[in-house]
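Welcome! Let us walk through this structure together, one part at a time.

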Amino acid sequence: MSLKITNLKVAFGSFIAVNEISFQVLPGHVHFLIGANGAGKTTCIDAISGLAPGQGSVQLDGTEILGTPVHRIARMGVGRTFQTASVFEELSVLQNLDIACGIHRPLRALLGVRHRVDSRIEHALEVTGLADLVNAQAGTLSHGQKQWLEIAMLLVQDAQVLMLDEPVAGMSEEERVATGELLQRVARGRVVLVVEHDMEFMRRFATRVTVMNRGTILCEGSVDEIQANPDVQSIYLGTAGK
Ligand SMILES: Nc1ncnc2c1ncn2[C@@H]1O[C@H](COP(=O)(O)OP(=O)(O)OP(=O)(O)O)[C@@H](O)[C@H]1O
């Protein structure tokens, strides 16, 4: 499974938010997409997930997905999270995962105590470290735990591509480290693309980095390579790289 973006362009009227960018995201990598505010990072993953109108090409293992309706792209295995976690706060962790799993039980059964858990859900709980919180109400989870629940929901949907928009914003240091380690686990055999402003987190957990600036790609490489790039230093890391 790989995600190949070629000459991706997104325009809002006469404003070009993403200007013919090309890059590839491979499984096994925790691939970061960084850049200053307004660089076009979120618009890029919006276009990949079908939420923004894009031109060019986005191929999932050689299959073109650009122009495909958003629900079909999700069903093809492309999942994403948003800056604000979107879990059902009134429901338990398990009920959220059930819904993500597409298990349509009668409401009474859904809200009742469960004795058997689907193996996909068991796996997602294990990977995300939420097993002990399976019956907790989602609204009572910490900010970090809600992000992990969202990731678990993508895993039970069998997402092979996970795009995460600022997953550690607002997290404690402990939650950041746990999230980075979670991303490393998730990336085994899956494509993981992380939009992030937190440079410390990026330095610690990125295995590949694409730097955007004003709708274009400034440079790409390992953490060391992009940090050594003078353009990155002056335009981004030098100013916003805290
Ligand atoms: N629906 C829209 N209509 C018009 N302009 C938009 C729309 N969505 C985004 N933009 C503009 O496109 C540019 C890129 O926005 P985007 O959110 O992709 O940047 P970003 O790199 O994710 O920034 P941030 O890090 O601040 O989230 C910005 O100038 C933004 O104002």
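A crossing of two helices is called right-handed if the near helix is turned clockwise from the far one, and left-handed if the near helix is turned anticlockwise, by less than a right angle. Keep in mind as you read that this is a predicted model.

## Helices α3 and α6

Two packed helices are described by the angle between their axes and the distance between the axes. For helix α3 (residues 93-101) and α6, the axes come within 8 Å and cross at roughly 35°.

Which residues make the contact? On the α3 side they are V93, N96, L97, A100 and C101, and on the α6 side L149, A152, M153 and V156. Sorted by class, this contact has eight nonpolar residues, one polar residue and no charged residues.

## Helices α5 and α6

Helix α6 (residues 143-156) also meets helix α5 (residues 119-128): their axes come within 9 Å and cross at roughly 145°. Here too the handedness can be named, as α5 passes α6 in a right-handed crossing.

From α5, the residues in this contact are R120, I121, A124, L125, V127 and T128, while α6 brings W148, I151, A152, L155 and V156. The contact of α5 with α6 has nine nonpolar residues, one polar and one charged.

## The nonpolar core

How many residues are in the largest nonpolar core? It has 69, and those with the most contacts inside it are L97, L149, A152, L162, V192 and V194. Helix α6 gives the most to this core, with eight residues.

Take a closer look at A152. Leaving aside its neighbours within four places in sequence, A152 is in contact with L97, A124, L125, T128 and L130.

## A look at Q95

Find Q95 in helix α3. Is Q95 buried or exposed? Q95 counts as buried because it has 21 C-beta neighbours inside 10 Å, and the cut-off for buried is 20 or more. Q95 and L130 are 35 residues apart along the chain, and their C-alpha atoms are separated by 13 Å.

## Around the ligand

Now turn to the ligand. The residues around the ligand are F12, F15, A17, G35, N37, G38, A39, G40, K41, T42 and T43. By class, this shell divides into four nonpolar, six polar and one charged.

Both β2 (15-25) and α1 (41-48) supply at least two residues of the shell. Helix α1 gives the most, with three residues.

Methods:
Residues are numbered from 1 along each chain as its sequence is written. This is a predicted model: local features need pLDDT of at least 70, side-chain atom pairs count only at pLDDT 80 or more; totals for chains, interfaces and linings use all residues. A residue is near a molecule or strand if its C-beta atom, placed from the backbone, lies within 6 Å of it. Helices (H or I, at least four residues) and strands (E, at least two) are DSSP runs, numbered from the N terminus. Ala, Val, Leu, Ile, Met, Phe, Trp, Tyr, Cys and Pro count as nonpolar, Asp, Glu, Lys and Arg as charged, and the others, Gly among them, as polar. Axes are lines fitted to C-alpha atoms, for helices over the stretch in contact, and angles run from 0 to 180 degrees between N-to-C directions. Two residues are in contact if their C-beta atoms, placed from the backbone, lie within 7 Å. A nonpolar core is a set of buried Ala, Val, Leu, Ile, Met, Phe, Trp, Tyr and Cys residues joined through C-beta atoms within 7 Å. A residue is buried if 20 or more other C-beta atoms lie within 10 Å of its own, exposed if 12 or fewer, and partly exposed in between; C-beta atoms are placed from the backbone.
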